[in-house]
Amino acid sequence: WETFIRFLEDGRICLTNNAAERALRGVALGRKSWLFAGSERGGDRAAFMYSLIVTAKLNDIDPQAWLADVLARLPDMTASQVPDLLP
């Protein structure tokens, strides 16, 4: 019962799963497009890029600006510095 009424004591707890469903909407919309990635390797690359973009969004970083910055700085970096570019 304690778990069931927790939302009454904490206003941050949502009664629905709408936020989670909205977060997954992009995955559902892109599913058919991802069928045409060209190959398994292409699908892996698409999944990798999607993960980076979503990570940037979750950290309140503009994905397009972040990616432009990374692509501009990447040629001058060593392999050991690349993890510093992650969002």
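Which feature does UniProt place at residues 51-87? The record, an unreviewed entry, gives "domain: Transposase IS66 C-terminal" for this stretch. UniProt positions follow the numbering used here, feature names are shortened, and annotations may be inferred rather than shown by experiment.

The model is predicted: local features need pLDDT of at least 70, side-chain atom pairs count only at pLDDT 80 or more, and totals for chains, interfaces and linings use all residues. Residues are numbered from 1 along each chain as its sequence is written, and side-chain values use heavy atoms, with hydrogens and water left out.

Residues 51-87 are 51% helix and 0% strand. Helices (H or I, at least four residues) and strands (E, at least two) are DSSP runs, numbered from the N terminus.

Helix 3 spans residues 40-58 and helix 4 spans residues 63-73. The two pack at an angle of about 120°, and their axes are 9 Å apart. Axes are lines fitted to C-alpha atoms, for helices over the stretch in contact; angles run from 0 to 180 degrees between N-to-C directions. The crossing of helix 3 and helix 4 is right-handed. A crossing is right-handed if the near helix is turned clockwise from the far one by less than a right angle, and left-handed if anticlockwise. Helix 3 contributes Met-49, Leu-52, Ile-53, Ala-56 and Lys-57 to the contact (heavy atoms within 4.5 Å). Helix 4 contributes Pro-63, Trp-66 and Leu-67. Seven of these residues are nonpolar, none is polar and one is charged. Here Ala, Val, Leu, Ile, Met, Phe, Trp, Tyr, Cys and Pro count as nonpolar, Asp, Glu, Lys and Arg as charged, and the others, Gly among them, as polar.

In helix 4, the buried residues are Pro-63, Trp-66 and Val-70. They fall within an arc of 65° seen down the axis of helix 4, so they line one face of the helix. The arc is that of the directions from the helix axis to the C-beta atoms. Their cover includes helix 3. On the other side of helix 4, Gln-64, Leu-71 and Ala-72 are exposed. Buried means under 20% relative accessible area, exposed over 50%, and partly exposed in between (1.4 Å probe, protein chains only).

Asp-60 sits in the loop between helix 3 and helix 4. Its phi is near 55°, a positive value in a residue other than glycine. Most residues other than glycine have a negative phi. Asp-60 counts as exposed, at 75% relative accessibility.
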